[in-house]
Amino acid sequence: MGLRIGDIAPNFKIETTKGEIDFHEWSKGSWVFFFSHPADYTPVCTTEMGRTSQLAGEFEKRGVKPLGLSTDTVEEHLGWINDVNETQNTNLQFPIVADKDKKVAALYEMIHPGESETAAVRSVFIIDPNHKIRLTMTYPMSVGRNFTEILRVIDALQTGDQFGVACPADWQVGGDVIIPPSVSMEDAEKKFPQGFKTVKPYLRYTSVNK
């Protein structure tokens, strides 16, 4: 059975470009953007590593630690980082897991045999400060990730946790949110004194400030 939303993200100890980490200790108290790559020195991966680095400030202000993974060695990663910095005009500082034996890729089911028997697909795990998996996405090896969407879902998850709300289709920060049907009208009036709009008994919109 694969990893599911709500599961505790499996722990592991492994070498990275920033030294050995115990994943649960390293990530304790932070959100994590954990993302895998087929291999070092590949074009799409280079742009993704660069984009993650360029967005370091955006991840930091959300309390998110990026963690990359590729099935090559630390030495190979460090050489690749030089290329990333040069070609993407950045200074990559987040750790990259050296998963040469594919142990973590197997643990997180990042190897999809129909795509490749040996290389990790572009998996995304958003993990909360309690080590719980909150979102998963899987891209094929040939398609780069949408980082606007990655930041959006982190914002939506954090907004939902903070205010006890849900976020509608195409939600963006500052947009109206939805009061869950599990909240009674009486409780909604207490919890959301700013007011709300009832479209249907199960569809009520309100505004919050993250």
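Asp 128 is buried, as is Arg 134, where buried denotes a relative accessible area under 20%, exposed over 50%, and partly exposed the range in between, with a 1.4 Å probe and protein chains only. The side chains of Asp 128 and Arg 134 form a salt bridge with an N to O distance of 3.2 Å; the term requires a side-chain nitrogen of Lys or Arg within 4 Å of a carboxyl oxygen of Asp or Glu. The model is predicted, so that local features need pLDDT of at least 70 and side-chain atom pairs count only at pLDDT 80 or more, while totals for chains, interfaces and linings use all residues. Residues are numbered from 1 along each chain as its sequence is written, and side-chain values use heavy atoms, with hydrogens and water left out.

Over the whole structure, the search finds nine salt bridges. One of them joins Glu 48 to Arg 145, with the closest N and O atoms 3.0 Å apart. Glu 48 belongs to helix H2 (residues 43-54) and Arg 145 to the loop between strand S7 (133-139) and helix H6 (147-163), so this pair ties together parts that are 97 residues apart in sequence. Helices (H or I, at least four residues) and strands (E, at least two) are DSSP runs numbered from the N terminus. Both Glu 48 and Arg 145 are buried.

A further salt bridge links the side chains of Glu 58 and Arg 62 at 2.8 Å, N to O. Glu 58 is partly exposed, with a relative accessibility of 27%, whereas Arg 62 is buried at 14%. Salt bridges with shared partners join Glu 58, Lys 61, Arg 62 and Asp 155 into one network.

Gly 63 is located in the loop between helix H3 (56-61) and strand S4 (64-70). Its relative accessibility of 34% makes Gly 63 partly exposed. When residues up to four places away in sequence are not counted, Gly 63 touches Ser 30 and Trp 31, a contact being defined by heavy atoms within 4.5 Å. Gly 63 and Leu 92 are 29 residues apart in sequence, and their C-alpha atoms are 18 Å apart in space.

The discussion now returns to helix H2. Two packed helices are described by the angle between their axes and the distance between the axes. H2 and helix H4 (residues 74-88) pack at an angle of about 75°, and their axes are 9 Å apart. The axes are lines fitted to C-alpha atoms, for helices over the stretch in contact, and the angles run from 0 to 180 degrees between N-to-C directions. H2 is therefore roughly perpendicular to H4, given that angles under 35 degrees count as roughly parallel, over 145 as roughly antiparallel, 65 to 115 as roughly perpendicular and the rest as oblique.

On the H2 side, the contact involves Cys 45, Thr 46, Thr 47, Met 49, Gly 50 and Gln 54, which meet Trp 80, Val 84, Thr 87 and Gln 88 in H4. Cys 45 is buried, at 0% relative accessibility. By contrast, Cys 167 is partly exposed at 26%. The structure holds zero disulfides, a disulfide being a pair of cysteine sulfur atoms within 2.5 Å.

Finally, the chain as a whole has seven helices and 10 strands. Of its 210 residues, 48% count as buried.
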